[in-house]
Amino acid sequence: MRTFKVLSISVLTIFIILVIALNVVMIKQQNHTDGQYRVEVKRLADEIEETGSYNPANYSFIKGVYTGDDLYKNDATYVIIEVKETLYRVEYTTGNNNVLFILVNCILGVMFLLMCSVLVYIWHNIIRPFGSVKDVPLQLAKGNLAVPILEQKSRFLGNFTWGVNLLREKIEEDRQKEFAMQRDKKLLLMSLSHDIKTPLSAIKLNAKALAKGIYKDEDRCRIAAESINTRADEIEHFVSEISKASSEDFMNFEVNQGEAFLSQIITKVQARYKLQLEGTGTEFTIHKYDECILSCDADRLVECLQNLIENAIKYSDGKRIEINFDKMDGCELITVTNSGCTLEKEEVPQIFSSFYRGKNADKISGNGLGLFICKKLISLMGGEVYAEIKDGCFSVTLVVKQA
């Protein structure tokens, strides 16, 4: 905000200096013009002295020459000269254009007022409202979801504050879902742990009895062994429940199925990565495609392609990334390929599992969720995804239904 004030004052000061300089130049030019009539009067006197007459077309500032009875006929601007003992009344104009001078300054004055109005408008409708919300993203990042966000009537920041409010609500919603999920899983684990104790105690008692030889007859030993086996089956069931609970989806996937042009999807991806990849020297090629309407969630499909390209940036040799297109059975096939694949072929079937990271990812940061998210989203949109390694290149294809 302080920078804007300094910038505004600097711009207005420079404008005023330029106006003053322009006025100085105009005044000097006007004074220079004022002296021209004297030169022409001298030339006129010389011409009359030499020829006894003169040609008015040769003079720009002389408007008339009179002598005799017409010497003082009006009050126009004039000068009296004497040539061969004859007085001549020479009317002239100085070329002064005060109207133009005033008009130029009026225009500059209007421009100055317009500049002031624009700066004031920017201050009241953009700079000051933005100052009230500029710290909100930082507070949200710190976890302070109670930070106040004032509603803005300005059309410039109205959507921004509305979007930030939605973001805050989404973060709060996700946080509550996470808390609920953690609470439910904790209660489940506590319940299962308690349930495990009963069969475990029975196993320990029967095991001790068998170890100490308390049961003398064979039937009694057999019953104890069967009891141990039964209790072990119960524990195995509880362990299975724990595994099932831990493998449940930990992310909430929502898809708003609709329709979108293929060009709409590709344009967003190109705008996101073209300059970035060109800056790193990576050849980024989007091959030609036939326009069509896809049955999908446009934002989610863009997210899938972004995940694929981010993976390609991380795990490729940085030389080439390309997007190819094909059609098959009423579906659009969108394939993202990168050169320099270091993934082992036997790992391909596992790469769509959550948290799975290949052997080539040891020194690369990540969480192993990119391809997992792609598979989930594409499945919810009624499509498929598959990957392959060919000629040292890694390709992932999204199969999206056409509308």
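1. Val-83 has Thr-86 of β3 as its bridge partner. This is a predicted model: local features need pLDDT of at least 70, side-chain atom pairs count only at pLDDT 80 or more, and totals for chains, interfaces and linings use all residues. Residues are numbered from 1 along each chain as its sequence is written, and side-chain values use heavy atoms, without hydrogens and water.

2. β2 and β3 (residues 86-92) are antiparallel, paired over 6 bridges. Pairing requires at least two DSSP bridges between two strands. Elements are DSSP runs numbered from the N terminus: helices are H or I with at least four residues, strands E with at least two.

3. The open sheet has 3 strands in the order β1-β3-β2, with antiparallel pairing. β1 (62-66) and β2 (78-83) are its edge strands, each pairing on one side only. From one strand to the next, the twist averages 25 degrees.

4. Helix α2 (residues 36-51) packs on this sheet and touches β1, β2 and β3. Contact means heavy atoms within 4.5 Å. The direction of α2 makes about 30 degrees with that of β2. Axes are lines fitted to C-alpha atoms, for helices over the stretch in contact; angles run from 0 to 180 degrees between N-to-C directions.

5. Now the pocket. On a 1 Å grid over the protein atoms alone, a pocket is an open set of points where a 1.4 Å probe fits, with protein on both sides within 12 Å along at least five of seven lines; lining residues have an atom within 4 Å of a point. Of the 26 residues lining the largest pocket, Asn-311, Tyr-315, Ile-351, Leu-371 and Phe-394 are the closest to its centre. α8 gives the largest share of the lining, 7 residues.
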